[in-house]
Each structure stands twice: as C-alpha cells, then as structure tokens.
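Morning, everyone. I will talk about charged side chains, then about rings.

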Amino acid sequence: MTTKDRPICRLFAPLLVCLVVGCVTAPPDNSLAELDRPVEPVKSPVNTKASKSRDPKAAYYQYIRTAPKNDTARNLAIARLADLEMAAGYELIAGLEMGEGYQEDAAYRETITRTIALLETALREFPESEGNDRRLYQLAKNYNELGEHEQSLSRLRELTDNHPESPLYAEARFRLAERAFSQGDYMMAELGYTEALFNTDDRTFYQRALFKRGWSRYRQSLFQPALEDFVNVIQIQRFGPADTLSAEDRVIYEEYFRSLALTMSASSNQSMVRDVFNNANFAHVFEAYEATSRIYLQQERYSDAVAQWQQFLLHRGADWESLSAHTHIVSLWRAGNFAQRAYDATGDLYAQFTDKKPLHSSEHPLKEPTEKATRQHLAMAARYAHGAYQGSGEPDDLRQAQGWYNRYLEHFSDHAQQDGIYLAYGDLLAEAGLTAQAFIQYERAAFDGNLILNPEAAYAAIALLSEMTEPNDRVVDAELLTKYLRYSQAFAQLYPEHEQATAIALGASQRAFHHHDYAHAYALAELALPNASDLQREEAQFIVIQSHLNQQDFSRAEAFADAMLGFSSLSADARGKAEDLLAVAIYRQAEQAESDQNIDASIRHYRRIQERVPAAEVAPAGLYNAIALAMEHQRWEDAIPLIHRFQQHYTNHPHIADAERHLSRAYLESGQTAQAAQQLERLASTETSVEAQQASLWRAAELYERENSIEEAIGAYRRYAHTYAQPYPQNLEAMHKLTQLYTQTAQPENRRFWEQRIVQTDRNRPDSQKTDRTARITAQAALSLAQHHNTLFKATALKLPLDKSLERKRGFMQDAIRFYATASSYGFGEISSEATHEIGYIYESLARSLLESERPTNLNPQELVQYNILLEDRAFPFEDRAIEFYERNLARSREQGYNEWMAHSRSRLSTLFPVRYAREPRSGFYISSQDQGPISSREND
C-alpha cells in the first residue's frame, strides 16, 4: 500500500509537518557536504482499525474476513497486510544464521507464501484496482524468493503486457532483458533494453539501459549500432576532464570508454567509426582513440596501437589533441623497444610541434602533458643520436646529436637542468674536443651563482677551466680565471669529502697566488688544509703566510711581530700591519695545533689573539674559531664563556648571530635546556632572516614542551602561529600543537578555538601549499569539532514544546554534519569512514528521538495513536537516510578495505535493514540499493 492510498490524520498533520519536515534532508548528489536540503513531506497512511489492535496483522486479517469483497478499503487492507507479512519475513530471517539457505526456512517460506496469496487475492478480487502493477512487481519478487523464477518472470511479463503505462514498466522490461542477456539471447535483450529506453524518464536508468543495449548489439557483432549506443551514453553522461572526475565517476568513465574502445577495435571499418563520431558530433574522439590504443598496449600490440593514432590523425587539424597523438605514437614505439621507429617518429613530432607553435600560447588541458611528453621525447632523441656518435665517431652523427640537443634547448631550456641535458650535451662536446663549447654546457649544468647544482658537472667544468687558464705564453682570460677560482672554492666548500676536493682547492690556490689573488689563495688554501697531504698542507701554508711567514715557523713569526711592535718609530699604519702579522702568526699556531689534534692548545691560541691584539683583523675570527672548535669537540663548558666574550667585544660582527646560535646549542648540550630555550626565543627576535627567526622560535617551543614548561610552550607556539603564516604546513603544525597542549591543560574552549582556526585557515589556503600532513591535521580538527557538536546533539532531548527543542537539536545536528563532511572531504579512509558512519547514526538517533519524544498531554487515546503513527512515518525518512549513509560507508570497503567503522555501519544495518544485511550478501535479482532500493522501502518514499 502506498502512502497516498491511506487516509491522513488531519488533526495533527500540520503540527508534525512544521516540526519534523525541516530536518529531513535529501540524498546528497556528490559529497557529504551537500546534506541539508529539505524535501516535501510524505503523507502518512492511518488505518484506525489496525492502530487500535496490539497485533496489526490480526486486525487486518479480521478486517478482510469481515469486510465486503467490493469494499475498496479491503483492497488497501490486503496490500497493507502483504507489506506486514513481508516485514515479518524479514524480521524472521534476521535472527537466522543460515547464510544463503535462509530461503529454505519453513517459517520464512510460509510468510512468503502468505504474502503471495494475499497479493494474488488482491489481483483476483480487484483486477482493475490502482496499484496492481506494483503488486505484480511484488509478486515477481516474492516468487523469486521462493526460487520460482519462471513464475517471477511470468508476473513481470504480465506487468509489461497489462500495464504499459506503469512507472514500473521500464524496470520490468529491463529485468526481462537482463534475463535474456544472461541466457545469451542478445537479440531479445536488445529489444527489452530498447523498450526500457523508450519508457523511462529516469536519466540514470536510461543510461544503464542504453549501455546494456550497446553490449547486446556488440555481442551480435552489430558494431555500428553498438558504437552509436556507447557514443550516446557517453554524450549523456557529460564527462568533464578525466583528471577532475571523482573516483565514482572515474570508474564509469573507464567502463564506458573501454566498451567504446573494444567496439572500435573489433570493427575493421574505420570510416564507419569516423562517420559515427561525426554524425554524433562526438566531443570525446581523442579519448576514444586513447582508450583503444591503451587496449592494444595492454596486449603489447604496439603497431596496432600506433595505427589507431594514425587513424585519428587522418582528418585532424592543428590542435593539441593531434599533437598529443604524435607524442603517444613515439611513446608506443619506445614501449615496444622500436628505438629507430621512435627516433623517426620524434622527427615527425618535432615538425608538428614547431608547425603548431601558435597553439602554445593557448590554454588546453592537454597542453602541459603534451609539452612535457614532447620535451622527454626530444631528450631521448638527443641521447639516441649521442649514442650513435659514440659508436661511430662520424661527423654526421655528431651534427645530428647537436641538432637534437639544440632543439631541446630552444624550446625547453627551463627544464634542461632537471632532465640532465646540459651535462649530456657537455659530454658530447667534450668527447668531440670542443672544449670551450663543452665548458658552456657544463657551467649551465653545474652552477647557479656560487650554488652547485650538479657536482659531476661542476668537476668537469673546473677541470676544463684549469686547462683553459694554464699559465703559458698567452694572456689568461681574466673572466675565466675568476670563474675558475670561484667555482673551485664553492666545490671545496660544499663537497669537502670528495676525493678531488683537496686537489681542486690547492690547484686553484696556487693559480690565485701566481696571479697575486691572495684573497682567493688564502681561502682556497684554507679549504685544502683539512684533508690535505703533508705536501699539500705545506704548500697551502706557504701561500697563506706570505713572504715573511713562508718558513711556516709560527712561534718565530709571532716573536718577530712582537718585536716589531716594540719599535718606537713605528708609524700607526705600520703598527696596525704588525699587529695584524702578530695576530696572523698566533692564528696560524692555533691552526697548526688544531691540525695536530691538540684541541686545548688550539683553543688557547685562538683566544689569545683577542687577548693580545683585540683590534686585529683576525681577532674576532680567531675567537669565533675557538668557539667553533669547542663546539665541534663538544666542549660545551669551554664554548659558553668564549661565546659570552664574543658577544661582549664583537656585537656588530657578521658572525655574532652564528655565535649566539652556538650558545643555544651549548646550553642545550650541556643540559641547560631552560637557558637554551630562552636563548632561542631571543634569537627569534634578533635573527636577520625570517627563516632563522621561525626556526629559532619553533625550536624554543619544542624545548619548552620537552621540559614540560607548558605555559611557555603555549606562548611560543601561539606566537609562531600568529606571526608566521608561511610556510603553511609549519603554521598549521603550530596550531595543532596548541590543540594538544590545551587538551593537556584541560582547556577545551581554547582547544576548539584553534581547531576552528585550523579548519578556517585550511579552507582559505591554495592547494599548492597543502600537504598530506596538513590535510590530516585539518581532517582531525574537523572530526574533533564534529564530535563535540555530536555530543551536544545527543545530549539535547526532544521535550515539549517540541518545536523549540527540535530546533536546538537540529542546530547541533547540522553543525556536526557540516564538520563531519569537512573531515571526510580530505579523503583519509578511517576518518571518512567514521564521519560517514556518524552522520548515519545522527539520522538514526534523530529518528529514535522523534519516536521517544514527549507526547502532548491533551490527546485522547485515539488521537494519541494517530499522533504516534504520524511520528513513525516522520521518523522513517531519517532511518532511510541512516541506511543510505551506512551503505555508503560499506561501499568504501572496495577501495579502502574493511575497518571498525564499516563494522559499526554493518551492525546498524543488520538492525535497520535486516533482510539485506543480517546475512551474507549474494547476487540479487533486483537493482542494487544504490540504484533503486528495496521495494518495501520505495513504497514509503
């Protein structure tokens, strides 16, 4: 019996419509975020005779035994009793642990038999009654439950024969067609699907029938009409770009295009395929050929895959799709290891690429992947020609390789570094003896200013520079010499453990000394010292000491400088130089002591420079080196007073910031964590770079937290969160830390403030700044907020006056659903599963709360019964919504695996929808719940 067939309780309907309907929401179209759209109220049937009985079935049986056979209410009562019998059957099998054998249970079969008898009686006694089409459909279902499939099919045929105007006609035809398809009768299946197509307004159902008809035709080798059906179903679906599709739409997309591709590959008439596409003005021709090519590729039929793209290109103009097709052809030849064909096809690709150059200023979804593929193919062609030259040494092969490298650089120089083109091109030119040209490419591959991008290329460039700046009769190019010294210094600094680092530094130091470039000579010699051999070390020291220190006797050099300072006639300028020499002599003693691993003496000498000649140029460097050496050897108690001295005397020195950084580490390593945290917090205000300030403040916060100085940690993290919006992941991490600390200090309001801030901040950030970690933090914050509002929702009882308590409860419900939807949108399986389950449970709870809500006290018994029935009918949609979300949660298991929340959902479904979920799933006769829903539920929609 449908809802519209039953009488309406007019006394309380307006009240319940007002109170309940506002909470009912329609199924979401795409995501959990679309949850709160109102639908029209469903009218509720009331049978007062059945309501007065404690046993509704007995009341209905009593009624139909006594009612006149021509009484139309009797027909309604029979239909309602049939519903009750089916419900009783569902409840009966819910407790059975029989798996697939539940149909053999005697009590269950008796219930189904009674249901069939009631429906047959209704059809027999009221052959012209409205709703007989649905009763036939129910009969077909129940006969199927008893295993009487021919009876079931017969009833479906009776429905189609006698009720062509029925809204169930198309579905019945579809089911008959499905049976024919499963039996291999594809012609009859095609006819059935066609009838279903012509008799439905349901877009989704229409697509399914059209798609299945295409397969029926395909099975009959009717490739043209099958192709037309598949084209039409794709046109109806209106797919967007493939990379923007949801996971669900992506599955449909792949299946539709796979079917289309199979039909294309099965047909030998390519002109027919083009005609079908042209006649339909098909918008996805490229995707169709792409899918067909993919099928051939999976079968390793590379030539056939290439042939498909060549068919696609026959009648194409200058567009991105045709250019992309050329890249696919090259990729296919490479995949099949047809190197020469791939090389030749790259020539065709490049010709198309340059011919279609005006396209490159336009935007198109294929632009980026096509340009990337073209770039990669040009690189592969260059390496292929390079290999040919290495094998032959022929000038023509060299020209070919140079041509490909130059073509690449003409169009894709921005990617040459990451693709290794500069280095490979440099190798080619070096192999050909073109030294100057090779250096240009090595330099591009190796350096960005003083930053080394590629150590292999850097070494090759420095080796060529050494060759080109070798002293001889010609004048050395000053620019090349400068580059040689600068690049050698950078290499030795960044790669001190490289086996050639010392040789590079010392060779450049000698070259600098020869050209009187003492700044580079000193710096390079110093870089050569740590890993130098004895001979190398002596040479490096000779260069550093200068002429009056070339004996490398630093104690005598100190004595000489000290004596010089005793001369009364010494000018101020000379005195300054003498002081500098003295400082240098002491400095070198410190270096020697360090080289000899005499750490105590080295630190003492470095410190002595500042004590004897504090104004000397090297005095701050000496003191700083003492600090660094103490730090290196973990002499924290020595390092701390040295740093304090450095702070006192060299406040404006460039290394002051480094010294203060060392101080924070020395405090930390010596166990003075609180002082370390305070020092880092000071550094956060004094560091010159924002990055250093951020790092210091973050480390200070971590130390406070480690020391359990919670208030100080909160202050540091809060300052970080408010001050440094970038980088975004770290900013969000600070807010996450605050939520944890406020949880620890039992300050839930402050915790929720930062959780709200996390969700709001993430919503306003571009995706390019986000990471998996920021997504998880935000999802967890949204989940926590949802749980909070869910708790408020659960705690809100429905009391009189019902409208006020319901409004309050609904507000908490909407907030909880909104935050659950936000948490789910980040795509983490466990969180999404929990959110989906909890949304379902919210709807189930609301239905239960409605049923358990306080009743008006001014109702007489009959009115109270009617009021209760109306509440039940209003609660049913919420149960349906709950079932929908529980089922959606279970559907995730196909992609995410089964988890605890899916188990909870299944447990609830076994209670709410026992006929389907209180047993193991099997292949059903009817459309799945995602498509159609069970008949008993749809009767109440």
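One definition before the residues: buried means under 20% relative accessible area, exposed means over 50%, and partly exposed is in between. Take Arg301. At 37% relative accessibility, Arg301 falls between those limits, so it counts as partly exposed. Keep in mind that this is a predicted model.

What does Arg301 pair with? Asp304, in a salt bridge with the closest N and O atoms 2.8 Å apart. Asp304 has 32% relative accessibility, so it is partly exposed.

How many salt bridges does the structure hold? The count is 33.

Start with helix α8, residues 169-182. Arg175 and Glu178 both lie there, three residues apart, about one turn of the helix. Their side chains form a salt bridge at 3.9 Å, N to O. Arg175 is at 7% relative accessibility, so it counts as buried. Glu178 is at 21%, so it counts as partly exposed.

Next, helix α41, residues 861-891. It holds Arg881 and Glu884, again three residues apart, about one turn of the helix. The N to O distance in this salt bridge is 3.1 Å. Buried or exposed? Both Arg881 and Glu884 are buried.

Salt bridges also form a network. Its members are Glu190, Arg213, Arg217 and Asp229.

Now the rings. The structure holds 39 aromatic pairs. Look at Trp698 and Tyr720. Their centres are 5.2 Å apart and their planes are at 70 degrees, so this pair is edge-to-face. The pair links distant parts of the chain: Trp698 is in helix α34, residues 690-706, and Tyr720 is in helix α35, residues 710-723, 22 residues apart. Trp698 has 10% relative accessibility, so it counts as buried. Tyr720 has 2%, so it counts as buried.

Tyr843 and Phe878 make a stacked pair, with 6.4 Å centre to centre and 20 degrees between the planes. This pair also links distant parts of the chain, from Tyr843 in helix α40, residues 829-852, to Phe878 in helix α41, 35 residues apart. Both Tyr843 and Phe878 are buried.

Ring pairs also build a cluster. Among its members are Phe211, Trp215, Tyr218 and Phe223.

Last, charges over rings. The charged end of Arg341 sits over the ring of Phe338, 5.3 Å from its centre. Lys809 lies over the face of Phe793, with 4.1 Å to the ring centre.

That is my tour. Over to you.

Technical notes. Residues are numbered from 1 along each chain as its sequence is written. This is a predicted model: local features need pLDDT of at least 70, side-chain atom pairs count only at pLDDT 80 or more; totals for chains, interfaces and linings use all residues. Side-chain values use heavy atoms; hydrogens and water are left out. A salt bridge is a side-chain nitrogen of Lys or Arg within 4 Å of a carboxyl oxygen of Asp or Glu. Helices (H or I, at least four residues) and strands (E, at least two) are DSSP runs, numbered from the N terminus. Buried means under 20% relative accessible area, exposed over 50%, partly exposed in between (1.4 Å probe, protein chains only). Rings of Phe, Tyr and Trp (its six-membered ring) pair if their centres lie within 6.5 Å; planes under 30 degrees apart count as stacked, over 60 as edge-to-face and the rest as tilted. A charge sits over a ring if NZ of Lys or CZ of Arg is within 6 Å of the ring centre and within 35 degrees of the ring normal.
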